[in-house]
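Subject: Structure for you to look at

Hello,

Here is the structure I promised, with my notes below it. Please open it next to the text as you read.

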Amino acid sequence: MESPTSAASRVDFYGFLDRMRRPEAADLFRSIKSFLTSLSLDEPSAEADGARVQAFFTEMEAAIRGHPLWADATHQEIDHALEGLEKYIMTELFDRTFAASPEDAAADAEVSDKIGLLQRFVRPHHLDIPKVLNNEASWLIAVKELQKINSFKSPWEKLLCMMSCCQVINNLLLNVSMTNDRTPSGADEFLPILIYITIKANPPQLQSNLKFVQLFRRETKLVSEVEYYLTNLISAKMFIINVNGQSLSMEESEFQKHMESAKLGTQMSVAGPSSPQGLATSTRGLQKQIDAEGSRFPFMDSETENLTPAELKQLHGLYRKTVTRYTLLSKALRKLSIDEDQLLASVDDS
């Protein structure tokens with residue numbers, strides 16, 4: 001799989017620019033500038049812009065194939081020119097076409113927030129991933145590939161990040177099959193791992209990136225293996241949006257408790273232990289208070305036999321206050337249907 005930063009990828013783009021600078025390419029250059037200008041005169045509309053860009057790519061492909069500058073070009077050289085054209089056009093149009101609307105921002109936030117909650121409790125077994133396929137090293141590589149997606153502006157380069165992630169998973173499945181004499185089960189094992197990788201990665205602006213690739217990658221290139229991997233990543237996103245207890249092999253009530261615990265854990269992480277939401281009683285906040293305000297807990301490091309009667313009386317008073325606060329907090333958590341142990345675990349993990 002070609003990398004977005006590979007020499008071949010750079011040759012495509014800079015080779016295209018080099019030919020566009022030649023006097024013989026003046027007519028092509030004018031066509032490109034005219035298209036960009038005409039598009040800028042209209043209000044942005046993702047679907048309408050996508051249709052116009054695709055039509056222009058088709059028009060330019062015919063023009064390039066019949067142009068003297070590519071008279072003796074091979075099929076691969078023509079394809080390189082078209083890749084360069086796509087990157088140039090979409091780099092110029094990036095601010096207009098990528099995550100440009102409030103709806104895009106809201107959709108990205110919804111997916112990212114949902115993944116942030118799922119990260120706190122979803123484990124491979126929730127997705128029925130066999131233990132033999134648990135490979136943290138391979139998963140980490142796949143996560144890193146998916147997280148690179150916002151480093152690039154062209155649909156092809158973004159798609160390469162998605163495909164690189166998927167091919168790491170595919171290679172893992174093939175290696176495990178050969179090593180353990182297993183029959184590859186295709187999408188039945190591929191998709192759950194991709195979902196888990198997507199949750200671990202929480203790739204930036206996932207919805208916008210998928211939409212951008214679907215609308216602006218040359219349609220003739222969204223076929224075969226590329227189409228398969230893209231479709232699976234879209235399916236992973238939809239799974240995450242619509243996830244419920246049944247999706248994760250658990251009772252719905254248990255799923256909702258996990259989600260509430262994750263939400264509270266997220267609030268603690270974001271707001272901090274002294275926030276107005278009353279999170280000062282969190283375990284982490286209490287520990288900070290112990291560290292910073294030793295006078296509130298003056299007997300933490302004292303030996304029992306060294307305490308005076310007055311100090312024992314003071315210690316008993318502090319104990320009663322602590323038990324009272326703990327009891328009230330436990331009641332509040334039960335009222336919210338939040339499992340106390342899960343909550344403490346989520347705080348420790350963060």
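Asn202 counts as buried, at 19% relative accessibility. Buried means under 20% relative accessible area, exposed over 50%, and partly exposed in between (1.4 Å probe, protein chains only). Asn202 sits in the loop between α9 and α10 (206–216). Its phi is positive, about 40°, although Asn202 is not a glycine. Most residues other than glycine have a negative phi.

A word on the basis. This is a predicted model, in which local features need pLDDT of at least 70 and side-chain atom pairs count only at pLDDT 80 or more, while totals for chains, interfaces and linings use all residues. Residues are numbered from 1 along each chain as its sequence is written, and side-chain values use heavy atoms, with hydrogens and water left out.

Ala99 lies in the loop between α5 (94–97) and α6 (102–118). Is Ala99 buried or partly exposed? Ala99 counts as partly exposed, at 24% relative accessibility.

**The whole protein**

The protein has 15 helices and zero strands. Both are DSSP runs, numbered from the N terminus: helices are H or I with at least four residues, strands are E with at least two. Of the 350 residues, 41% count as buried. Contact means heavy atoms within 4.5 Å. Of the contacts with a separation of 6 or more, 74% are between residues 24 or more positions apart.

**Helix α9**

Asn202 follows α9. This helix has 15 residues and reaches 20 Å from its first C-alpha to its last, close to the 21 Å expected at 1.5 Å a residue. The expected span is 1.5 Å times one less than the number of residues. Eleven of the 15 residues of α9 are buried, so the helix is largely enclosed by the rest of the structure. Among them are Glu189, Phe190, Pro192 and Tyr196. The buried residues of α9 pack against α6, α7, α8, α10 and α11.

α7 has twelve residues and spans 16 Å between its first and last C-alpha, close to the 16 Å expected. Its buried residues are Ser138, Trp139, Ala142, Val143, Glu145 and Leu146. They are on the same side of α7, because they cover an arc of only 160° around the axis. The arc is that of the directions from the helix axis to the C-beta atoms. These buried residues pack against α8 (155–180), α9 and α11 (224–241).

How do α7 and α9 meet, and at what angle do they cross? The axes of α7 (residues 136–147) and α9 (residues 187–201) come within 9 Å and cross at roughly 65°. Axes are lines fitted to C-alpha atoms, for helices over the stretch in contact, and angles run from 0 to 180 degrees between N-to-C directions. On the α7 side, the contact includes Glu136, Trp139 and Gln147; on the α9 side, the residues include Ile193, Tyr196 and Lys200. The contact residues divide into eight nonpolar, two polar and two charged. Here Ala, Val, Leu, Ile, Met, Phe, Trp, Tyr, Cys and Pro count as nonpolar, Asp, Glu, Lys and Arg as charged, and the others, Gly among them, as polar.

Met162 lies in helix α8. At 2% relative accessibility, Met162 counts as buried. Leu146 is 16 residues from Met162 in sequence, and their C-alpha atoms are 5.7 Å apart. Not counting residues up to four places away in sequence, Met162 touches Leu146, Ile149, Asn209, Leu210, Val213, Leu230 and Leu233.

Phe94 is in helix α5. Phe94 is buried as well, with a relative accessible area of 12%. The C-alpha atoms of Phe94 and Lys153 are separated by 6.7 Å, though the two are 59 residues apart along the chain. Leaving aside neighbours within four places in sequence, Phe94 contacts Phe152, Lys153, Lys158 and Phe212.

**Helix α2**

In α2, the buried residues are Leu28, Ile32, Phe35, Leu36 and Leu39. Seen down the axis, they fall within an arc of 95°, so they line one face of the helix. The face turned away from the buried side carries the exposed residues Arg30 and Ser40.

Best wishes
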